[in-house]
Amino acid sequence: MASQKFTMEKILDWRSDIEESAKRKLGQVQVKIEAQKAVLEDLIRENTKIKNDQLTTTKINDLRHQQLYKALLDEKIIHQKNQLDLTQKELETAQAQLVEAHKDKKVMEKLKEKELWSALELEKKEEQQQLDEIATLSYGRSFY
């Protein structure tokens with residue numbers, strides 16, 4: 001069989017590149033989420049530690065500082081949760097883009113497969129024609 005080249009190979013390559021790009025983006029967003037979760041957990045641990053320290057502190061000035069620090073930590077926790085929610089939405093978007101890119105690539109791969117199959121069928125048909133022609137000629141020679 002002659003080497004069959006897919007007519008839309010460049011488009012398939014382009015869509016493969018888009019899919020790889022979407023995979024990288026998804027991985028980056030997942031790493032970002034994990035980092036934000038770690039920051040949130042640290043803030044929550046620090047907040048819990050401050051609450052426990054307030055139970056043992058008897059000085060009013062220390063209690064006031066701890067209360068101010070706890071209020072600051074509460075604000076940071078709320079802000080970090082909002083950031084995490086935004087990143088979760090970014091993750092969902094990246095996942096949807098990856099699914100779409102994968103679908104587009106699969107469409108092109110199916111077209112490539114169909115084109116290859118058509119080329120094979122055409123080659124078989126031409127080969128069969130040649131065999132029929134040879135058989136007809138050899139029959140004609142043996143008949144005379």
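Is Ile18 buried, partly exposed or exposed? I looked this up in a predicted model, where local features need pLDDT of at least 70, side-chain atom pairs count only at pLDDT 80 or more, and totals for chains, interfaces and linings use all residues. I noted that residues are numbered from 1 along each chain as its sequence is written, and that side-chain values use heavy atoms, with hydrogens and water left out.

Entry on Ile18. I found Ile18 in helix α1, a helix being a DSSP run (H or I) of at least four residues, numbered from the N terminus. Ile18 counts as partly exposed because its relative accessibility is 36%, and the partly exposed class lies between buried, under 20% relative accessible area, and exposed, over 50% (1.4 Å probe, protein chains only).

Entry on the core. I then turned to the largest nonpolar core, which has 13 residues, and those with the most contacts inside it are Leu26, Ile33 and Leu91. Such a core is a set of buried Ala, Val, Leu, Ile, Met, Phe, Trp, Tyr and Cys residues joined through side-chain atoms within 4.5 Å. The elements giving two or more residues to this core are α1 and α2, and its largest share, seven residues, comes from α1. Leaving aside neighbours within four places in sequence, I saw Ile33 in contact (heavy atoms within 4.5 Å) with Leu84, Thr87, Gln88 and Leu91.

Entry on Ala96. I placed Ala96 in helix α2, and Ala96 is partly exposed, with a relative accessible area of 47%. The C-alpha atoms of Ala96 and Leu26 are separated by 9.7 Å, although the two are 70 residues apart along the chain.
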